[in-house]
Amino acid sequence: MLGSNHFLPLSLVGIVAASCAVDASVINSTTSTDDFELACSSFASKISIDNATDSFTEYIPAGGNMSYNGVPAVCQSTQTASVDVCRVYLNVSTSDRSGIRFEAWFPRDYNGRFLSTGNNGLSGCLFQGVKHGDVDFGTKFGFATVGANSGHDGDGAEDFYHNSDVLADFSWRSVHTGVMVGKQLTELFYEQGYNKSYYMGCSTGGRQGYKAAQANPEDFDGILAGSAAMNNINLISWGLHMYYLTGNSSADSFLTEAQWTAVHEEIMKQCDGLDGANDGTIDDVDLCHPIIQPLICNTTSSTNSTCLTGKQAATVEAVLSDFYGPDGKLYYPRLNPGAEADAFGIYLSGSPFSTAESYYKYVVKEDPDWGPTTWTPEDAETALSQNPSNLNTFDADLSAYRARGGKLFTYHGTADSIISSDNSKLYYRNVANNMSASPSDLDDFYRFFSIGSMGHCGGGDAAIYIGQSGDTYLDSEPENNMLLQLVDWVENGIAPDYVRGAASTDGTDATFYRKHCKYPLRNQYFGPGNYTDETAWQCVQ
């Protein structure tokens, strides 16, 4: 067993499998459905991993639901398998006081590729810590797909309290350990092993993808990372900075939900048409720098419950401005203009952002009784100086990932109300400066796409179905599916010059398509067709 301050090395997750290299547990392309089910049921007895316990396997036919053997109640959620799979579950210790819950789903119709998935929030399983929806999405396209809970259950920071090992799992070790275990299980389960290794994740999962490129470049041939919660510690502090700006519901700086709705309507009026089309969306927030003063109450609007005082207008301007620390450094970019109405329940409701409050209590302050009403920008400076296990995930040197031939395919919605899309642009520019690489140089291995008017990891009224998860998937054409587009880039050298998104009212059929541009280009409507005509738009500098 490892000491509490040591990481789990590869040698401690070796699978003792020499005696079962070829038997009923090995699947090949001719294995029948019945044989597949039999091989799955017997596979658990073939697995021997140091520091792993409670392993079991479960055959799930297409249309069947997973069981909850070994899964704590807080992690349980409904998931139906899209295809026949063999589900493998086990716990793996990463130290004498930490460990991960790990799953692998092996599809009957296997494409020879390995896929690891990421997490949400503080990465506990309250929001499907092992994101079964993403795992199922991978198996739908034939990937041997794995995921883990990042080392703790639930979505708070309580388990990080006085335990740097659990925090290390959350920062990077859960994904990395899951990859080592998952790859070896894949080679044991399938006769042909795997040819290429991929990653897919959004939000915290997006941060985990960038983290792999920064710290473990050999893990993946291709990484699909979206709406990334990198610059993570500053993002957490930004959540409390918002509360610091608005105050509680009785503060004279506070805006009601109705007032934020009025702010949103004014911003849309000023910024909707800046890309050439009045379509009810802001495709590129870089163009949007709204003037809020028209909303200040005057003699004709003073009885209107949605007009603003000068103090409230200043609050809006502060929320839509970059957050600088007391040291004068940029800590975090502004909230995306156009996302303010959706951000009300997260950051602007007069209550502190619960995730940020939890992290500060159990990590920054190490005081469960600490309250966010005392937070100041100086606390953000303290939090960043701690940066346990380099959780901030903002290292701008990707030269090792570039040298190993990896491909980093990234995106961020411009209407994200939780994580500012400007942060992904800031990181891109940091990489360009650090590596002294122009966008055309970075194109060789790193491409970033702004998805106009997409919310956090999905959602929105525009062309947001881009095929990067089960929630934003309409079809399996690589042009319309980011996961398959990544495979094309890695294996066929077909680099993505755009991400083609679909709009849909029912999540099944597309109403129109739009090609989202590769940063630093942006979309501009030129006509002559309707804005729903994808040929009426062009990527411009």
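Author: A disulfide is a covalent bond between the sulfur atoms of two cysteines. Here a pair counts as a disulfide when the sulfur atoms lie within 2.5 Å. Keep in mind that this model is predicted. The structure holds five disulfides. Let us look at some of them.

Start with Cys 202 and Cys 457. Their disulfide has an S to S distance of 2.0 Å. The torsion about the S-S bond is about -100°, so this disulfide is left-handed. The two cysteines come from distant parts of the chain, 255 residues apart. Cys 202 belongs to strand 6. Cys 457 lies in the loop between strand 11 and helix 14. Both Cys 202 and Cys 457 are buried.

Next come Cys 517 and Cys 539. Their sulfur atoms are 2.2 Å apart. The S-S torsion of Cys 517 and Cys 539 is about -95°, so that link is left-handed. It joins strand 13, which holds Cys 517, to strand 15, which holds Cys 539. The two are 22 residues apart. Cys 517 has 4% relative accessibility, so it counts as buried. Cys 539 is partly exposed, at 36%.

Now take Cys 297 and Cys 307. Their disulfide has an S to S distance of 1.9 Å. With 90° about the S-S bond, this link is right-handed. Cys 297 and Cys 307 are ten residues apart, and both lie in the loop between helix 6 and helix 7. Cys 297 is partly exposed, with a relative accessible area of 30%. Cys 307 is buried, at 7%.

Terms used:
Residues are numbered from 1 along each chain as its sequence is written. This is a predicted model: local features need pLDDT of at least 70, side-chain atom pairs count only at pLDDT 80 or more; totals for chains, interfaces and linings use all residues. Side-chain values use heavy atoms; hydrogens and water are left out. Helices (H or I, at least four residues) and strands (E, at least two) are DSSP runs, numbered from the N terminus. Buried means under 20% relative accessible area, exposed over 50%, partly exposed in between (1.4 Å probe, protein chains only).
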